[in-house]
2 protein chains.
Amino acid sequence: MSDTPISSNRPRVLCIGMPVRDLAFRVEGVPPPGDKVPASAFKEIAGGNALNAAIGITRLGGRAALAGPMGDAAETSAQFILDKLGEEGIDSRHLLHMPGLVTPISAVMIDPGGERTIVTFRDPALWQARLPGPDALLEGCGAVLVEGRCASFALAPCAEARRRAIPVVVDVDAAMSPREGLLTAASHLVFSSEAVRRTAGIDDDAGALRKIAQLTPSFLAATRGPRGTLWLDPAGALQETAAFPVQAVDTLGAGDIFHGAFTLALTEGQPVPAALRFASAAAALKCTRFGGAFACPQRAEVEAFLAGNPAPSAQSS
Amino acid sequence: MSDTPISSNRPRVLCIGMPVRDLAFRVEGVPPPGDKVPASAFKEIAGGNALNAAIGITRLGGRAALAGPMGDAAETSAQFILDKLGEEGIDSRHLLHMPGLVTPISAVMIDPGGERTIVTFRDPALWQARLPGPDALLEGCGAVLVEGRCASFALAPCAEARRRAIPVVVDVDAAMSPREGLLTAASHLVFSSEAVRRTAGIDDDAGALRKIAQLTPSFLAATRGPRGTLWLDPAGALQETAAFPVQAVDTLGAGDIFHGAFTLALTEGQPVPAALRFASAAAALKCTRFGGAFACPQRAEVEAFLAGNPAPSAQSS
């Protein structure tokens, strides 16, 4: 982080979600049911969408605080995660230890093409977490980035953030109910392709975005990995930001880096097209390196990459 | 273990292999490549073929010692495994800590039908382990049970065991080279169906057994889960021991319990058909319970099950 200017004026983003222990296995492929396959490498990585995004924000020149539940303080894995957050300079004061519970844990299988396949256990009792009050959480906050699954404890601070005119970016990677409060508490909803389709009940990204636009005043986008990002402009017209073509070796955390970079760019006042391009570049560079979100590039690398790569032309899906 | 008679005359089986951290996720199914799926339960279990078999041997009335390499002594997971072995009464004096290495680790996905799908990382440097000399390992030993993958450090004690007329049972769950020393150092080779086919290069269990019989004087069997066990009698004729039909909820470790029970029965002087039936009953009961090999039944349960269940009729595959 030596090339990141250290300043208390750097934008601060509150990331709300659940830290996850990512147990990453390098495999030739996901095994067929009933089979046993060897892994050629293994690494335990601190992960989870909000945590990964917080890494992206700090690497890219912002400040990040992480809020949400994790396992019992006696868990040895809990200290591993807190140590990693400390190394990245992420504020972890608002993480909550939930007595008797385990920190969420994922088995991550990464194939030779960098594609990751994930099984995650999150104890349902984690959703009973109660975060500190909004004044503590939102102090000095330039934006909130929240995991869509965390409405049970994140909705109140997000609603308060909107009352304070702080942007609220929601990372939606699973189907959301049309009655979900985060749909309307968000200023920016960034869906995965699967999530936007399942939320809308429409098997087409653009149509799904248009349908969801009837439910919320929020900015709406759908990320589609190497196929780029679809989004609706203020007039409701469909726009597309292409992905940068790279040789991917590990896509684990790439979407989270995208969300973190996009949110940081918003706090910097970048217009949406520039923010999406910045986020695409950060995510693309991350994909070229192994190690989950800890493979996120530094700001200077992303700036150099953007300077050297004219905007790729958008492709239809 | 209160119903197991405690006696120093109980047969002692030396189990050679690698302890494994089994991270077991209860899932609806193995995720499609690139997908993310939730798990409804998670449990970290001490596992590995030899360790699981050792649990089976002690639960079923024998004594077991475990020998082989595991990760650095500073690993927190190493102590977890040693604690579990202590609780089961398994002799762990011959386990070796390999400095700087991690204990093998598996992601295990268990579906609603109990079928397990496994990804395992074993550091290749673990195969450089050097076990204690044969006099220490084989002291009071009624049989050796060894993981087929461990020839690099297990072949010498197995060969010495055969010189001492101690049975050597090899659990073969991956293809073996025809020049593999364990093929001839074994008194009993128990293959998985996939392993026997891949070893022989023949896509038929019976044909594969017959081909391998040309390479070794060992007893040969192929286990096929619910489809029972094929084996060759001393005259080279194909025999079949049926599996007991049960409602499986977790097959993790069932094969290992089979191997442990079979080896224990051999040390007790049971003839092969009875030993295979005993092993089938122990494995079947294990499949009805969640928890890997720690769901192994006690001896009295297996005896009661055998008394209550006449030999099932063999089915063709």
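Student: What makes the contact between E160(B) and R163(B) a salt bridge?

Tutor: A salt bridge is a side-chain nitrogen of Lys or Arg within 4 Å of a carboxyl oxygen of Asp or Glu. The closest N and O atoms of E160(B) and R163(B) are 2.9 Å apart, so the pair meets the definition. This is a predicted model, in which local features need pLDDT of at least 70 and side-chain atom pairs count only at pLDDT 80 or more, while totals for chains, interfaces and linings use all residues. Residues are numbered from 1 along each chain as its sequence is written, chains are lettered from A in the order in which they are written, and side-chain values use heavy atoms, with hydrogens and water left out.

Student: Where do E160(B) and R163(B) lie in chain B?

Tutor: Both belong to helix α4 (residues 151-163), three residues apart, which is about one turn of the helix. A helix here is a DSSP run of H or I with at least four residues, numbered from the N terminus.

Student: Why is E160(B) called buried, and why is R163(B) called exposed?

Tutor: Buried means under 20% relative accessible area, exposed over 50%, and partly exposed in between (1.4 Å probe, protein chains only). E160(B) has 17%, so it is buried; R163(B) has 61%, so it is exposed.

Student: Which residues are joined into one network by salt bridges that share partners?

Tutor: That network consists of R197(A), D203(A), D205(A), R224(A) and E240(A). Within chain A, the side chains of R197(A) and D203(A) meet in a salt bridge at 3.0 Å, N to O. R197(A), at 25% relative accessibility, counts as partly exposed, whereas D203(A), at 66%, is exposed.

Student: Is C287(A) buried or exposed?

Tutor: C287(A) is buried, at 12% relative accessibility. C287(B), at 11%, also counts as buried.

Methods
Helix = DSSP H or I, 4+ residues; strand = E, 2+ residues; numbered from the N terminus.
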